[in-house]
Amino acid sequence: GRRLKKIIWELIDVAGCLNVEDLIPWLGWINEINGLNSRIKYVTDGLDEFLTDFLEEARERMNKKKNAEPYSNFIDAMLDIQRENRDNDDLSIDDEVIKAIFLDMFSPAVHTPAVTLEWIMAVVKNRKVMNTLQE
């Protein structure tokens, strides 16, 4: 839990940093000097390691329970699909796909409240808009 929390806080901090390479690609070397690239690597490697461990724990839990038990979460369902379609190239999914789907589902849950808070802070700072809303 602590490891994930540390990674998420670093992700939030890195997401708020100015990424020179996004604005002026040929100045991307600045990100090496200011440490942004190493911070991004820390976050991506940390998330990948966390999700790999998470999938392994889910596999161990699934192997211990009986087949008749219903899925306890989305990851269990994805792992079952992975196991059932291991030999079918058209339907097979690997761990990277499961991690990507999980992150696609998790990201909006974090992003939407952050954008809402940012919008609220902008409104609170603008007295004219705030007065109009209060009326």
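Tutor: Leaving aside residues up to four places away in sequence, Asp95 touches Leu55, Arg59 and Gln82, where contact means heavy atoms within 4.5 Å. This is a predicted model, in which local features need pLDDT of at least 70 and side-chain atom pairs count only at pLDDT 80 or more, while totals for chains, interfaces and linings use all residues. Residues are numbered from 1 along each chain as its sequence is written, and side-chain values use heavy atoms, with hydrogens and water left out.

Asp95 belongs to helix H6 (residues 95–125); helices are DSSP runs of H or I with at least four residues, numbered from the N terminus. Asp95 counts as partly exposed because its relative accessibility is 23%, given that buried means under 20% relative accessible area, exposed over 50%, and partly exposed in between (1.4 Å probe, protein chains only). Its side chain makes a polar contact of 3.0 Å with the side chain of Gln82. Such a contact is a pair of N or O atoms within 3.5 Å; within protein, one must be able to donate a hydrogen and the other to accept it, and residues adjacent in sequence count only if both atoms are side-chain atoms.

Gln82 leads us to helix H5 (residues 74–84), whose buried residues are Ile75, Asp76, Ala77, Met78, Leu79, Asp80 and Gln82. At the start of H5, a side-chain oxygen of Asn73 comes to within 3.0 Å of the backbone nitrogen of Ile75.

Leu55, another partner of Asp95, is one of the 8 residues in the largest nonpolar core, together with Ala58, Met62, Ile75, Met78, Leu79, Ile93 and Ile98. At least two residues of this core come from each of helix H4 (36–64) and H5. A nonpolar core is a set of buried Ala, Val, Leu, Ile, Met, Phe, Trp, Tyr and Cys residues joined through side-chain atoms within 4.5 Å. In soluble globular proteins, nonpolar side chains tend to be buried together. Setting aside neighbours within four places in sequence, Met78 is in contact with Ile93, Ile98 and Ile101.

Finally, let us turn to the aromatic residues. Phe50, Phe54 and Phe102 form one aromatic cluster. Phe50 and Phe54 are separated by about one helical turn because they are 4 residues apart in helix H4. Phe54 is partly exposed, at 28% relative accessibility, and Phe102 is likewise partly exposed, with a relative accessible area of 24%.

Note on methods: Rings of Phe, Tyr and Trp (its six-membered ring) pair if their centres lie within 6.5 Å; planes under 30 degrees apart count as stacked, over 60 as edge-to-face and the rest as tilted.
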